[in-house]
Amino acid sequence: MRNLLKNLELYVLLALARGPLHGYGLATQIEDDSDGQLKPLPGNLYVVLKRLQQGGLVRPLEAGPQEAKKRRAYELTDLGQRRLAAESERMATFARTADLRFSPGEEQG
């Protein structure tokens with residue numbers, strides 16, 4: 001079985017699905033997408049980006065001559081897009097199953 005992605009990894013992929021972002025933009029988007037539940041620190045975010053990059057799910061964009069390396073933007077790869085879609089479907093299937101199993105009004109046990 002493949003390794004499941006962690007919450008922050010999923011939120012990074014989700015944020016990048018909208019288009020390339022740099023670290024600060026990613027952190028802001030993740031906080032918005034998670035309704036404030038996740039507030040990634042820069043150090044944690046860059047560790048996750050490195051891990052996702054090593055897995056072939058994201059890649060850094062080449063910095064132009066006017067851009068500082070600190071503002072490097074990242075984008076999803078094709079593999080990253082496919083992985084996000086697969087994880088999304090896996091979670092949707094789980095949610096549907098849980099809704100059926102634990103419908104309101106049904107006794108458990």
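**View 1. Strands β1 and β3 side by side.** Two bridges link β1 (residues 21-22) to β3 (73-76), and these strands run antiparallel. In this predicted model, local features need pLDDT of at least 70 and side-chain atom pairs count only at pLDDT 80 or more, while totals for chains, interfaces and linings use all residues. Residues are numbered from 1 along each chain as its sequence is written, and side-chain values use heavy atoms, leaving out hydrogens and water. Helices (H or I, at least four residues) and strands (E, at least two) are DSSP runs, numbered from the N terminus. Two strands pair if DSSP finds at least two bridges between them. Look for L21, whose bridge partner in β3 is Y74.

**View 2. The whole sheet.** In which order do the three strands of the open sheet lie? The order is β1-β3-β2, with antiparallel pairing. The edge strands are β1 and β2 (58-60), each pairing on one side only. Strands of a sheet pair through backbone hydrogen bonds, either parallel or antiparallel. Here, β2 and β3 are joined by three bridges in the antiparallel sense. You can find V58 opposite L76 of β3, and P60 opposite Y74 of β3.

**View 3. A helix across the strands.** Helix α1 (7-16) lies across β1, β2 and β3, running at about 90 degrees to β3. On β3, Y74 and L76 make up the covered face, whereas A73 and E75 belong to the uncovered one.

**View 4. Where α1 meets α3.** The axes of α1 and α3 come within 10 Å and cross at roughly 75 degrees. Axes are lines fitted to C-alpha atoms, for helices over the stretch in contact, and angles run from 0 to 180 degrees between N-to-C directions. Angles under 35 degrees count as roughly parallel, over 145 as roughly antiparallel, 65 to 115 as roughly perpendicular and the rest as oblique. α1 and α3 are therefore roughly perpendicular to each other. From α1, the contact (heavy atoms within 4.5 Å) uses L8, E9, V12 and L13, and from α3 it uses N44, L45, V48, L49, R51 and L52. These residues divide into seven nonpolar, one polar and two charged. Ala, Val, Leu, Ile, Met, Phe, Trp, Tyr, Cys and Pro count as nonpolar, Asp, Glu, Lys and Arg as charged, and the others, Gly among them, as polar.

**View 5. Helix α2 and its cover.** Which residues of α2 (23-33) are buried (under 20% relative accessible area, with exposed over 50% and partly exposed in between, for a 1.4 Å probe and protein chains only)? They are G23, G25, L26, A27 and I30. Their cover includes α1, β1 and α3 (42-54). α2 and α3 pack at about 100 degrees, with axes 11 Å apart. α2 and α3 are therefore roughly perpendicular to each other. G23, L26, A27 and I30 of α2 make the contact with L45, Y46 and L49 of α3. After α2 comes D35, with a positive phi near 50 degrees.

**View 6. The largest nonpolar core.** Of its 19 residues, V12, L13 and L52 touch the most other members. Such a core is a set of buried Ala, Val, Leu, Ile, Met, Phe, Trp, Tyr and Cys residues joined through side-chain atoms within 4.5 Å. α1, α2, α3 and β3 each give two or more residues to this core, and α1 provides the largest share, six residues. Leaving aside residues up to four places away in sequence, L13 touches L5, L52, L57, V58, L76, G80 and L84.
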